[in-house]
Amino acid sequence: MIVRIMGEGQVRVAESHLPGLNRLDDELLAEIEGGDHEGFRKTLGALLDAVRSAGEPLPDDALQPSELILPAAGATLEEVKAMLKDDGLIPG
């Protein structure tokens, strides 16, 4: 799966990492819905760190469509809320 972190670039993440990423996504969704800004900030950082560590960076000149777009680390709760789908940022 090709994942873009806004403002950082793209990484290729193996499907085997999706369950762990989905757990963080579920936690992030609950924090957004509950208005927990502190928890949101912590979990967003953990989600992005997990993607970075699990992913293989693609070259900057690679023009592959992203299957998943994640917000930048500095995104606000409100900005991320606007990006959400029914099941969070990560499908499944």
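This is a predicted model: local features need pLDDT of at least 70, side-chain atom pairs count only at pLDDT 80 or more; totals for chains, interfaces and linings use all residues.
Reader: What makes β2 and β3 a pair, and which residues are the bridge partners in β3 of Arg 12 and Val 11?

Author: Strand β2, residues 9-12, pairs with β3 in the antiparallel sense over two bridges, and because the criterion asks for at least two, the pairing counts. In β3, Glu 56 is the bridge partner of Arg 12, while Pro 57 is the bridge partner of Val 11.

Reader: Why are β3 and β4 called edge strands?

Author: The four strands form an open sheet in the order β3-β2-β1-β4, with mixed pairing. In that sheet β3 (56-57) and β4 (68-70) each pair on one side only, and they are the edge strands.

Reader: What makes you say that helix α2 packs on the sheet, and which strands does it touch?

Author: Contact here means heavy atoms within 4.5 Å, and helix α2, residues 37-54, touches β1 (2-5), β2, β3 and β4. The direction of helix α2 makes about 130° with that of β1.

Reader: Where do these elements fall along the protein chain, and in what order do they run from the N terminus?

Author: From the N terminus on, the elements follow one another as β-β-α-α-β-β-α, with three helices and four strands in the protein chain.

Reader: How do you know that the radius of gyration agrees with that of a compact globule?

Author: For 92 residues a compact globule would have a radius of gyration near 12 Å, and the protein chain has 13 Å, which agrees. The C-alpha atoms fill a box of roughly 40 × 25 × 20 Å along the principal axes.

Reader: How many of the residues are buried, and what share of the contacts joins residues 24 or more positions apart?

Author: Buried means under 20% relative accessible area, and buried residues make up 38% of the 92 residues in the protein chain. Of the contacts with a separation of 6 or more, 67% join residues 24 or more positions apart. The accessible surface comes to about 5300 Å², of which 53% belongs to carbon and sulfur atoms.

Terms used: Residues are numbered from 1 along each chain as its sequence is written. Side-chain values use heavy atoms; hydrogens and water are left out. Axes are lines fitted to C-alpha atoms, for helices over the stretch in contact, and angles run from 0 to 180 degrees between N-to-C directions. The radius of gyration is taken over C-alpha atoms; the globule rule is 2.2 Å times the number of residues to the power 0.38. Buried means under 20% relative accessible area, exposed over 50%, partly exposed in between (1.4 Å probe, protein chains only). Accessible areas come from the Shrake-Rupley method with a 1.4 Å probe; for residues, only the protein chains shown count as cover.
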